[in-house]
Amino acid sequence: MSQVNRLATGGRIDRSQPLNFSFNGQSYQGFVGDTLAAALLANGVDIVGRSFKYSRPRGIVAAGSEEPNAVLQIGSTEAAQIPNVRATQQALYAGLVASSTNGWPSVNTDLMGILGKVGGKVMPPGFYYKTFMYPQNLWLTYEKYIRKAAGLGRAPKAADPDSYDYMNQHCDVLIVGGGAAGLAAALVAGRSGARVILADEQEEFGGSLLSTRETLDGKPASEWVTKVLAELASMPEVTLLPRATVHGYHDHNFLTIHQRLTDHLGEIAPMGMLRQRMHRVRAKCVVLATGAHERPLVYANNDVPGNMLADAVSTYVRRYGVAPGKQLVLSTNNDYAYRVVLDWLDAGLQVVAVADARSNPRGSWVEEARKRGVRILTGSAVVEAAGSKRVTAARICAIDVQNHKVTSPGEVLDCDLIVSSGGYSPVVHLASHLGGKPTWREDILAFVPGDGLQKRFCAGAVNGVFGLADALANGVEAGVSAAVEAGYKAVSASVPQVVVHLEEPTQALFQVPHDKPTARAPKQFVDLQNDVTAAGIELATREGFESVEHVKRYTALGFGTDQGKLGNINGLAIAARSLGISIAQMGTTMFRPNYTPVTFGAVAGRHCGELFEAKRYTAMQSWHLQNGAEFEDVGQWKRPWYFPKAGEDLHGAVARECLAVRNAVGILDASTLGKIDIQGPDAREFLNRVYSNAWTKLDVGKARYGLMCKEDGMVFDDGVTACLADNHFLMTTTTGGAARVMEWLEIYHQTEWPELKVYFTSVTDHWATMTLSGPNSRKLLAEVTDIDLDKDAFPFMTWKEGQVGGVPARVFRISFTGELSYEVNVQADYALGVWEKIIEAGKKHGLTPYGTETMHVLRAEKGFIIVGQDTDGSVTPDDLNMGWCVGRTKPFSWIGWRGMNREDCTREERKQLVGLKPIDPSKVLPEGAQLVRDPKQPIPMDMVGHVTSSYASAALKHSIAMALVKGGLKRIGERVFAPLVDGSVIEAEIVSSVFYDPKGDRQNV
Amino acid sequence: MSNSINVYQQRPAAAHAESPLFHAELDQLVGKGPAKAGVTLREKKLLGHLTLRGDAKDSAFAGAVHQALGLELPSALMLVAAGETSLQWLGPDEWLLVVPSGTEFAVEQKLRAALDGQHISIVNVSGGQTLLELSGPKVRDVLMKSSSYDVHPSNFPVGKAVGTVFAKSQLVIRHTGEDTWELVVRRSFADYVWLWLQDASAEFGLAIKA
Amino acid sequence: MLHIFCPHCGELRSEEEFHAKGQAHIPRPLDPAACTDAEWGDYLFFRDNPRGIHHELWVHAAGCRQYFNATRHTVTYEILETYKIGEKPSVTAAGGAAKQAIDQGVTA
């Protein structure tokens, strides 16, 4: 089939560049400049899909983003699949592969029609509402069936080969829409010197000017468009964004734009180019020039392919050189629609008749049509279309609009195209994203944007200004106002000359009456995408749904990707009539972002793959990589988890590493611990207030462990803080808590105690920290340092300064393993060299690098807590059996003290941290396992606690665990049971949480 | 100077140093980018970085800083520089002082002497951060991809410096010349920022300068 | 995304640079020990949830690291003012300034 509907001349297409494409497996040809919809129509493709609920054949209705039916799946390969593409917005490219998303197995057979009839019964209006009121499992049954039938498209199963990114934009004036009003606004705003962004969703700027029969300054309007674009392009502060849909209007004039950079070039972006870009725009002022969508009239069988919008047909004829039929019937209530008649005649095609709901239309275009011999039936409308897969005739009757009645039997006219126009609906979507309620204007029968708090102006058709001359003037006015609002001087601009037409008012007509009552007449569709009929809306109101939002949810009117572009106003009008109220009283539903669908690729931008999130590394990372470390995520950090040798798994490696530390010496990269430098005469007082224990007597040269609590008395961080000098401390925090603790210190300093003279500075990244731990650590360290390591000269919980590996270092003698340990801190730039020197010197001492898993086991053997693992925000120091760390006599009521003295924090049966020793030493309790006293009791069992940490201990040769158990400290020696999901039960004895070296001899040697 | 603060020379006289981006082996990449690069990157590595805290409203503080450094204490979002030394506002009581590599200990002592008796803080953070200099006609585009801060010269003139969000990390952007910008990057985030910059500048061409 | 004026940096910044820290002007009791459990519970856990004017504590986390207060309208999300710690709000639910500011559509 060649392009049967392509006109011999005309259109903005390049006939010298044919493009091959396929639709539902059939090959077709179109031209450069076509949209997919234009090319399908040119090839005489009537049916593009099956409807959502009734499975009725559907064809293309519109030419822009309001298209409800031609929502297709694009892509020839799995990776290139894109669902929900509107054929009217997709530029044709060579090799494009498209298919219907709905209409299995074939859009041209009636197989689904049977199901469709069933579907009509199974899915009455209110389906969603009613289904959700039934038990959930019923929904599961329906869902399969609906998903299969519904036009939801499908996501690709293979990775997207394309790249997407973000661009953060700032401008004085963002103009949304590049039609007549938008271009005029951009021109004056640009001339004022303001930073301007002009975004338009179409392939070319110009909007209706690209297809209108009206002239500007006596020349085709497209010539003015070209001239304006050239001037805008020459302005350095003006950014033109074609193929860019402003899809969300967010708080404080933040708008998001989805720009399709290469979607028109092929299904995969050319080498080195991005597919799409998300512009995140902060605008001082916004001009909405989003235009209007023509409203169809609602009549019987108005969904049969061959029923289209009047404007859309003009666009196909004039912009794409496509005539989607031969014999046209127009049904209208306004003057503007007559332009399609004139365009159709100009193309040499037959106009069968015009049905005008008005009794005596006399506007300029009406008269011109009359003069050219068009038959005009006044006071009439198309009440019903005939045909199943394509329109074959239209029945036109005289109607009484006031009483919603058909007043003549009418006549049936053969035709293959019925175009309708019920007036214009301003595209108020963006204006209402932030809650600005659109207001109904009876004079133009349309909702226009309501007031908004954001600094914005509306111009042109969105403002209810439909005439071309007025729209241009309105655009200039909005552009000037916006520039002035943004702080620029007003610049005047002349508006091109438009031939003035006599335009008469539109007749209020939404649903065309039928001989039969709505419920019994053939289906009259209001929302084609969601298969909502006039009868469905009447049913909703009969069932008591009177609020517009309820009607919407009951019927699905304007749901999903459609967002009520075509059907909303007609639906409201029908509901209002059923309820006997005015449209203004009915009001409209609100619109949500996104205006049209946005791909996940554009949402993700570059934040995927390697760049999905920030990864933080220590100065020793290259060594860890070279030495085969497996890594664990701790916050954003990548920490060595364990260092497996050939053939070793996690457990083998950890057992080996643990024993190495217990019996020889190990080295751990502890650089990720948060480190905060604290200076000032009140530093010590500040520590007293934020730590649970006392700091008054900590001498210079010493270090102390501390717990931090929130005001409620619950532990939220811990660490060792050293006194570097009288007014100088170095605090360490947990790896994950570093930023949180810093903000914590600052909030108290800035908001509660600004009088305290103290400053906090993060030095986490400045210092690299390596921990040497194990009985051989002293011997090893002695080989690389000039510090006197004698146990009396450098005792436990003190620090020294000196050289380590030829680099100035601070060495802290503190221990998280219970072994003799030294934490060596050097400026991170020199850490790798120091680390390598220690590794070299350590060879003869059995030095073994170990990771976080071994660290966890070793500390658990000692009963040392990990905040966030053994605590969960509901655990006090006393619950942890760490009452020794609570300064009960400190003079200042430090953070947490009052909270932990609440009645609930002192009751006896609180969960307390204890050790658990499984009776079977080979069984390792799962972390998180719930504990009970009697595993044979009926479910639900009385749970008495849960496991927080659990490991196989190589040093102890049995498994160990830590657990929070109700009243646990009084129950040492008792048994608890962990019933597991697989039905087995692990029995354990409650013991002290210090399993290894309870007296602490090993760390004090 | 009082001994209430522990200050010592943290940089060794002679030892091999690895800057936060040493593993990227930028030296090996010099001259290997496109001939006409839109973006040129240089790590200004191993400089002395000191965080200075004090009371900006106290003229004695500003005076002593000026006396020690020869630089006026910059006000909000400003960066002042003389030769290889720059002083940047980070917050109402916080500044970043960047000095030639190895001079940070002497500078700190000089500052402490000048500020003796005042409640101040000086912290050596040289090992914790690095400067990435970006130059070329497309740097602004790369910054626009990365940060929601407005980098248009009308909002971000030369001599301004702001702390902001950059991709999924945070850093300081400094505008040091018409087409020249610096990023103050924390060591642990340096690799992420480097990966991000390679990706963001790929379409403009990225070159590396020693 | 909100646009928030940082009173220390002296300019508008994107919301992503900030962290919200809850209701403002809730001073820590000077003598917690003197508080009854009910009073302490009020301080710890109970916050206003007004429809309209709300004073909030924010921190410019990615910028100058300073805490400050903001008066925000919880319906429109307009930020009517920001002010430094220790300062008093000029727009309050009780005062006429609030209504005026909202009517004028003041956007910080």
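Predicted model: local features only at pLDDT ≥ 70, side-chain atom pairs only at ≥ 80, totals over all residues.

Guide: Residues are numbered from 1 along each chain as its sequence is written, while chains are lettered from A and ligands numbered from 1 in the order in which they are written.

Visitor: What does UniProt place at residues 621–889 of chain A?
Guide: The unreviewed UniProt entry gives "domain: GCVT N-terminal" there. UniProt positions follow the numbering used here, feature names are shortened, and annotations may be inferred rather than shown by experiment. Over residues 621–889 chain A is 27% helix and 29% strand, and the end C-alpha atoms are 45 Å apart. Helices (H or I, at least four residues) and strands (E, at least two) are DSSP runs, numbered from the N terminus.

Visitor: Changing topic: is helix α5 of chain A mostly covered or uncovered?
Guide: α5(A) is mostly covered, since 12 of its 12 residues are buried. A residue is buried if 20 or more other C-beta atoms lie within 10 Å of its own, exposed if 12 or fewer, and partly exposed in between, with C-beta atoms placed from the backbone. Among the buried residues are A:L183, A:L187, A:V188 and A:R191.

Visitor: What covers them?
Guide: The cover includes β8 (164–176), β9 (196–199), α6 (221–233), β12 (238–241), β15 (276–288) and α11 (468–485) of chain A.

Visitor: What span should α5(A) have?
Guide: At 1.5 Å a residue, the 12 residues of α5 (residues 180–191) of chain A should span 16 Å, and the end C-alpha atoms are 17 Å apart, which agrees. The expected span is 1.5 Å times one less than the number of residues. α5(A) is followed by A:G193, whose phi is positive, near 100°.

Visitor: How many residues of chain B are in contact with chain A?
Guide: 46 residues of chain B are in contact with 46 residues of chain A, contact being C-beta atoms, placed from the backbone, that lie within 7 Å. α5(B) gives the most to this side of chain B, with six residues.

Visitor: How does that side divide by class?
Guide: The side of chain B that touches chain A has 14 nonpolar, 21 polar and 11 charged residues. Ala, Val, Leu, Ile, Met, Phe, Trp, Tyr, Cys and Pro count as nonpolar, Asp, Glu, Lys and Arg as charged, and the others, Gly among them, as polar.

Visitor: And how many residues of chain A are in contact with chain C?
Guide: 20 residues of chain A are in contact with 22 residues of chain C. α20(A) gives the most to that side of chain A, with six residues. By class, the side has three nonpolar, six polar and 11 charged residues.

Note on methods
Contact = placed C-beta atoms within 7 Å.
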